[in-house]
Every structure is written in C-alpha cells, then in structure tokens.
Amino acid sequence: MKGYICIHGHFYQPPRENPWLERIEVQDSAYPYHDWNARVHAECYAPNAVSRILDSNSRITGIVNNYEHISFNFGPTLLAWIEQNDPDIYRKIIQADRISAEKHGGHGNAIAQPYNHMIMPLANRRDKITQVVWGIEFFRKHFGRAPEGMWLPETAVDLETLEILADNGIDFTILSPRQAGRVRSLKQTNWKEVGDGSIDTTMPYLVRLPCGGTIAVYFYNGEIAHDLAFGGLLQSAETFEKRLFQALPAGGTRPPLVTVATDGETYGHHHRFGDMALAFALDQVTKKPDIGLTNYGEYLSLFATSHEVEIVEKSSWSCVHGVERWRGDCGCRAGGNGDWNQQWRRPLRESFDWLRYELIRIHDRNAAALLKHPWQARDEYIDVLMDRSEEVKTAFLERHGAKALSARERSLALQLLEMQRNAMLMYTSCGWFFDEVSGLEAVQVLSYAGRAIELAERCTGQQLEEKFMERLAKAKSNIDGMGSGADVYRKFALAAKAHLREVAIHFAISSFFENYQQKNTLGCYTIELKEYEKQLHDRTVAAVGMLHARSSITEEEGSFVFAALQQEPHDYYCTVKECPAADENFCYTELAETFFAGLKEKGPGAALKVIDHYLGQDRYTIKDLFKDEQEELLNIVLDGELEYVGKTLESVYGKTSFLTALLEECGHRIPAPFTVAAEVTLKRKLVKALESRKTTTETMRMLLDEMKRWRIHLDNEWLERALRDSLEKEMAGVKLDPQITNLKQINAKLSILYLFPVRINLWQVQNVYFDLLQGLYPLKKNQAEAGDLDAGKWLDEFLRLGAGLLINIENSTTMTGKDKKE
C-alpha cells in the first residue's frame with residue numbers, strides 16, 4: 001500500500017434549546033428554516049448522508065453516504081436533535097459507523113466529543129471530567145460501542161484534559177499542526193522544535209502524560225484543511241482529489257497517512273455542494289488500488305507510534321493566541337464589523353466563572369443531604385439526560401439517593417442536577433466565538449446562566465442575579481442602544497423565561513386555536529386538563545378551565561384556573577390564578593357559571609368583572625405566548641385576513657376583466673388596482689392548480705400565458721418552494737404506494753413543473769427514487785424480463801420518472817461499501 005487517506009469532519013451545532021422549555025424556538029435569522037439546526041441540517045448533515053455523484057451531463061450516477069467513508073464526530077446535543085427531527089438521516093449516520101467498522105477491522109469512523117463544546121483548558125477539572133464522561137456515555141448509547149477517539153472542542157487542549165481522556169479509555173485525539181511544540185523519535189533523546197507548524201502530519205504521535213500514562217495524537221494537514229475551509233478548494237472536486245494524492249510523500253518505512261480535519265459544515269453549509277465535491281474525491285480514492293481510505297483507529301492499530309510530541313499547552317485551532325478568543329479581546333473574530341471590539345469577552349467569562357463557583361458552593365451545601373456522592377451523581381446524570389422517563393429517573397435517584405427521597409426531595413435533587421447541567425451549558429464555546437455580546441450565541445449562553453440562577457434560587461432561596469448582572473454590566477455592546485451584557489441578559493435571556501405559571505398562561509390563550517386533549521405536552525411540561533369549557537356569544541369566544549402542569553425535568557408541579565376571551569381574530573386576553581389543592585375557598589363551578597352568565601347577559605365587560613373578582617386583574621395577551629405558538633397564531637390570523645382580501649380581489653378581477661380587455665385593446669393605461677387584483681387572483685389560481693391532481697400541462701400553460709400578459713413577476717424563492725412542495729407531496733404518495741397510477745401522476749406533475757423558469761430542488765424526491773431503484777426496481781425488472789406486461793409498463797413509467805429527475809439509471813450505484821483499501 002502506497003499510503004492512506006483519512007478525512008475528518010467535526011459536525012457540531014451549539015445547544016439551542018430554550019432552557020426553560022427544553023425546545024428550540026423559532027430563529028428568524030435562519031429563515032426560511034425554523035432554526036439554525038434545521039437550516040444547517042438541510043444544507044449539510046442530511047446531504048452528506050445521501051450525497052450525489054454526477055456524470056458529465058450533470059445527471060446522478062450514484063448516491064453516497066459520505067459518513068461511511070470519512071472519520072467524523074457529532075456533537076451530542078446536535079445528534080440528539082437529528083435523532084428526534086430526522087430519524088432517517090440519524091439511522092444513516094449510525095449505520096455508516098457500523099459499516100465502516102466492518103470494513104476497517106472493527107474500527108468505526110465515528111469518534112466522540114465532550115458533551116456541549118466547552119473550551120476544556122478554561123474549565124475546572126470537575127467540569128472536564130463530566131464533559132468527557134457525558135460525551136463517552138452518549139456515544140455508547142447511540143453507536144453501541146466505546147469510542148476510541150475524542151474530538152476536543154476547537155481542538156483546545158492542555159495536558160490535564162489529555163490525562164482525563166486517557167483515564168477514560170480514549171486512545172487518541174486530533175490537533176492542529178500549530179499545537180505541536182517539539183517532537184522526537186522514540187529511539188532518540190534530542191527534540192526538534194516544530195512550533196511553527198512544521199510537524200510531519202503523516203503519522204500519529206505519542207504524548208507522555210504527567211500521570212505516567214500516554215495518549216496518541218494526530219495532527220492534520222494544515223494547508224489542505226485551510227484551503228478546504230477558506231481557500232475555495234471545494235469549488236473543484238478534481239483539484240481536491242489531486243491535492244490529497246499530492247500530499248502523500250514517497251518512500252518511508254511505512255505507508256504514510258494524509259489526514260485532513262475541518263468543520264463538517266464545510267461540506268455543504270459553508271460551501272454549497274461541498275458534500276458532492278467530497279463524495280467525488282472519496283470515489284476517486286476508492287479507484288486507486290495502492291491508496292486506501294482509513295480511519296484513525298484502524299491506522300493506529302496497523303502502525304504503532306514511532307515518535308513522541310510535546311503539545312503547546314492551552315492552544316486551539318481557531319485562535320492563534322491560544323485560547324484567548326474565549327476570554328479576551330485577542331483580535332480573533334468572525335469578521336464583518338471592523339470597528340467593533342471584543343472587550344466584552346473577558347467580563348462575560350469572569351461573570352460566568354463567579355457564577356460557577358457560587359453554584360458549586362450551593363451544590364456542595366445542599367446536594368449532600370439528598371445524594372450519596374453529589375459529583376459522581378452529576379457524572380452519571382447523563383443517563384437521565386438521554387432518557388427522561390419516570391423509570392430512568394426513579395432508578396437513578398434510588399441508585400444515588402442518600403435515603404429514600406420524598407416527592408419534594410426528588411424534585412430538589414433534580415433541580416440541583418439541572419442547575420449543574422446549565423452551569424456547564426453556559427460555557428458552550430460559541431458564546432465567545434463571534435463578535436458581539438448581543439449575538440444569538442451569546443444570548444443563548446446567557447439564557448443557560450439565567451436558568452441556573454433561577455434553579456439555585458428555587459432550591460435555596462439564595463439571590464444571585466443582582467450580583468451577576470453587576471458583573472455583566474462591564475461587558476459593553478458594540479451596538480448603539482444595546483447597552484451592556486446586563487441589558488442583553490435582561491432584554492433577551494430573561495424574556496425566554498418560563499415556568500409553571502407561564503405555561504398555564506400560554507395554554508389558556510392557545511386553547512382557542514390548538515386542539516388540546518385531556519393530556520398534553522408543551523416543551524418539557526405535561527399538562528393535564530381537569531376542566532375546560534368554551535362558548536360563543538355574539539362575536540366573543542370565551543373559555544374557562546382548570547389544569548395541572550408538571551415539569552418532566554424537575555418534577556415541579558402546580559394547578560391553575562384560567563379564564564380567557566377572544567373578541568377579534570387577533571384580540572386575545574386571559575387571567576390565570578394558581579389554585580392549590582388545599583384552597584377550599586375557591587369554587588371552580590361557581591366561576592364558570594358566573595363567567596358565562598355575565599358574558600351572555602351583559603357582554604364582555606361583565607365577564608371581565610367576573611374574572612377580576614375570582615382571578616385578579618392581571619391580563620395576558622398574545623404577546624405572552626411562547627414564540628412558536630405566537631407565530632402560529634399570527635399566521636392563522638394573517639391567513640384569514642389574506643383569504644378575505646384574496647376573495648375580494650378575485651371578485652374585482654372577475655368584474656373588471658371585460659373592461660380591462662377593452663382598455664388593453666384601446667392602448668389605455670390599466671389602473672393600478674386592476675393590476676393588483678389580477679396579480680393576487682392569478683397567483684391564487686396558480687397555487688390551486690399546483691395542489692390539484694386534475695391540472696394539465698395545457699391548463700397550466702394558459703395560466704402562465706395570462707400571467708405573462710399581465711407582466712406578473714413570480715418570486716423565485718417562493719415559486720421554487722411551491723413547486724418543490726407540490727412534487728414532494730406526489731412523491732410521498734409514490735413512496736407509500738408505488739403503483740403505476742401514482743407513477744403516471746407524478747410524471748404528469750413533473751411535466752407541468754418544468755414549464756416554470758426556475759430550478760427545483762429535487763433532493764428529497766431523488767432520495768425516494770433511489771430507495772425504489774435499489775429496492776423495488778430489480779424485482780419489477782426481473783418480472784418484466786420474464787414476460788410480465790404490467791411490470792413492463794411499470795418500468796417504462798419508472799424510467800421516465802428517473803430521466804425527469806436527472807438520474808442516469810444505466811450507470812447508477814449507491815456505492816455502499818466501495819472503499820478499495822480492502
């Protein structure tokens with residue numbers, strides 16, 4: 001073997017959940033996607049599981065799971081999100097590791113990562129241990145084996161971190177060439193300085209640890225990695241492939257390794273179609289009989305380390321100043337705002353460090369009465385994070401409880417552990433990586449700090465927020481009017497705050513438009529509807545109810561009574577009152593009867609007086625809904641109003657069509673209101689035509705001609721999404737029932753869609769087609785060759801669909817298992 005190639009992708013997104021609801025809320029900057037996880041997943045994580053290889057005519061000849069052919073790690077919080085939101089892609093990722101292990105002597109491509117991307121050299125020892133333990137246990141659960149390697153966040157490293165990795169059974173990690181200080185052969189005593197990045201990256205190195213142990217370290221090829229990430233190397237798959245081959249040195253006592261490591265987002269998110277360039281390069285490597293694709297675990301098992309290295313302590317791959325990017329204004333920035341500074345980073349770090357030590361003291365003082373070994377319990381709390389079921393929580397608390405815990409003590413123990421979890425989440429590296437303290441990522445880590453403070457206060461009554469904000473006030477924003485970190489914390493982080501009362505408020509208002517059942521889930525809360533009645537009087541809708549809310553995270557719970565009114569499509573308000581079970585003075589039946597009677601007899605004003613009397617005068621409106629449901633309600637209101645406007649304009653269009661034609665014939669200017677009516681009407685007709693299965697190519701062509709006559713411009717983004725949704729809906733029918741009638745229908749639909757001057761994203765439809773190509777197609781082909789006429793007709797329609805989807809069926813392959821090292 002002349003040599004080996006190993007490409008590593010570090011796939012990661014910071015945890016983005018609202019820490020009070022434990023769900024990601026809509027992020028407007030990720031539009032048209034719900035949030036940044038969804039956007040990057042669509043652009044990178046999913047495409048790399050089903051990446052295309054094209055022929056010279058841009059037709060697909062193969063779909064490749066890149067994860068089967070590269071080394072990779074997924075951040076635990078990201079992989080958990082993918083498992084929940086795209087189970088099919090999740091399965092492909094897990095399957096890729098199993099397939100790669102079969103091909104590489106039991107060494108899978110996947111490696112682990114510390115739990116939430118904390119900069120390890122800046123963490124205390126306890127946090128380092130928990131981060132590593134959680135990362136390993138998460139890996140075990142999902143990949144079904146122990147990890148051999150572990151990727152360090154930002155490759156930030158110190159010897160203590162490497163010792164903890166080795167103590168927990170990790171064999172290797174991967175660093176930047178700039179992180180090597182000096183090297184020497186295991187057979188020599190003289191060291192060679194390589195602090196300028198000149199280390200030979202074609203082999204692994206041994207690091208001797210202060211504890212007496214050792215760990216292997218790979219250093220990736222810095223030049224190729226830089227050009228992949230920042231130099232446009234992925235613009236040419238052929239050039240990428242050549243660079244890999246050219247990096248293989250000639251000669252040597254053993255086959256060298258060319259290893260490249262970048263953010264996995266390089267392949268698709270940072271560089272569009274980067275996944276396809278990667279797939280092509282990997283395909284070319286498999287065609288070289290003397291060059292093998294490998295992974296780090298396999299290479300280390302084949303070739304023992306022959307040299308040792310001393311690392312540069314507290315160094316990283318994304319800050320030339322070590323780890324200053326995460327605690328100071330070192331000059332490293334994301335760019336785009338040259339007059340900004342990052343002096344806010346140090347007070348943000350110092351505020352968090354102060355808070356961390358306060359939370360440690362609280363944990364030490366309070367957890368010992370509830371948990372036998374509080375810090376060991378925190379290390380093993382990953383079991384609960386991976387499975388929040390009552391059974392797992394109970395088993396965990398029975399295992400770690402200092403005694404048999406009451407319901408109140410169970411909740412306190414869980415609150416303390418959640419306090420510690422949020423105290424680590426607040427150190428997620430992205431909070432410091434970018435340029436502004438009011439940025440999305442900084443607000444996220446501030447939210448985790450806020451949640452930890454709240455939990456500490458609930459457990460002990462100790463007030464930490466005021467002193468925390470005093471420190472945050474030193475972190476000055478670059479944006480006029482934004483103020484300081486304390487202002488950002490108050491304005492954005494605390495605005496996301498939600499507990500049992502806020503859940504009840506949300507439920508009361510949203511019950512007007514959500515179809516709630518007796519038992520419901522809202523984020524991490526379960527809501528049991530004890531009583532509920534809704535009535536309509538004149539134009540006012542009224543609701544009154546009683547509910548019991550419970551946190552599945554901390555087991556805190558409470559009962560609430562609410563009353564709500566809706567007077568206009570967008571005019572909602574309610575009042576909520578906590579209703580302890582021991583409150584014998586409160587009568588729900590009396591409230592409901594008086595409330596509805598007042599509304600029926602005297603109107604909304606009387607109903608409000610009833611609410612004031614029984615529940616108090618606090619008023620909550622649509623602005624108090626959680627972000628996702630608030631947006632959902634606003635869209636419902638808008639859709640209703642837009643439908644009314646649309647129908648009105650359709651009527652105008654119909655009534656003025658004859659006059660418009662006359663004006664046009666006479667060369668007279670068409671009044672602007674007529675033009676608006678025509679545009680709205682014809683676009684509505686277009687949407688209905690796309691939804692209908694009766695639309696023909698001819699009727700669609702006539703509609704488009706009419707729109708052209710009116711000089712109606714169709715927004716390409718909106719149009720592409722409408723066409724794609726229509727096609728994917730048809731393909732879903734084919735997937736569910738791949739009969740010839742459905743194939744004919746989608747072929748007819750495809751013919752219609754190609755009338756539009758916009759390139760449709762066929763990714764999802766092509767994926768379904770390839771699944772059928774590998775599954776049902778061979779069976780139908782055999783039946784047709786045996787003389788089955790119906791199967792022959794099915795093949796004709798199927799092949800016609802493949803041609804329409806730009807698939808080269810004759811030369812197609814999924815390429816599974818084609819690594820040629822074997």
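## Burial and overall dimensions

Of the 822 residues in the chain, 56% are buried. The model is predicted. Among the contacts with a separation of 6 or more, 69% join residues 24 or more positions apart.

Along the principal axes, the C-alpha atoms fill a box of roughly 95 × 75 × 60 Å. The secondary structure consists of 29 helices and 19 strands.

## Helices α22 and α23

Helix α22 spans residues 627–665 and helix α23 spans residues 672–691; their axes come within 7 Å and cross at roughly 115 degrees. The crossing of α22 past α23 is left-handed.

On the α22 side, the contact includes Leu642, Leu649, Val652, Tyr653, Leu659 and Leu663. Classified by residue type, the contact of α22 with α23 has 12 nonpolar, 4 polar and 6 charged residues.

## Helices α25 and α27

The axes of helix α25 (residues 716–736) and helix α27 (residues 763–774) approach within 9 Å, with a crossing angle of roughly 15 degrees. Because angles under 35 degrees count as roughly parallel, α25 is roughly parallel to α27. Here too a left-handed crossing is found, with α25 passing α27.

From α25, the residues Leu727, Glu728, Met731, Val734 and Lys735 meet Gln764, Val765, Val768, Tyr769 and Leu772 of α27. This contact of α25 with α27 comprises 7 nonpolar, 1 polar and 2 charged residues.

## Backbone features in loops

The loop between β1 (3–11) and α1 (36–45) contains Pro32, and the peptide bond from Tyr31 to Pro32 is cis, with omega near 10 degrees. Glu22 also lies in the loop between β1 and α1. Although not a glycine, Glu22 has a positive phi of about 60 degrees. The relative accessibility of Glu22 is 25%, so this residue counts as partly exposed.

A positive phi, near 55 degrees, is likewise found at Asp538, a residue other than glycine. Asp538 is placed in the loop between β15 (525–537) and β16 (540–551). With a relative accessible area of 79%, Asp538 is exposed, because the class begins over 50%.

Conventions. Residues numbered from 1 in each chain as written. Predicted model: local features only at pLDDT ≥ 70, side-chain atom pairs only at ≥ 80, totals over all residues. Heavy atoms only, no water. Axes fitted to C-alpha atoms, helices over the stretch in contact; angles between N-to-C directions. Helix = DSSP H or I, 4+ residues; strand = E, 2+ residues; numbered from the N terminus. Parallel < 35°, antiparallel > 145°, perpendicular 65-115°, else oblique. Left-handed = near helix turned anticlockwise from the far one by under 90°. Contact = heavy atoms within 4.5 Å. Nonpolar A, V, L, I, M, F, W, Y, C, P; charged D, E, K, R; others polar. Buried < 20%, exposed > 50% of the residue type's maximum accessible area, 1.4 Å probe, protein only.
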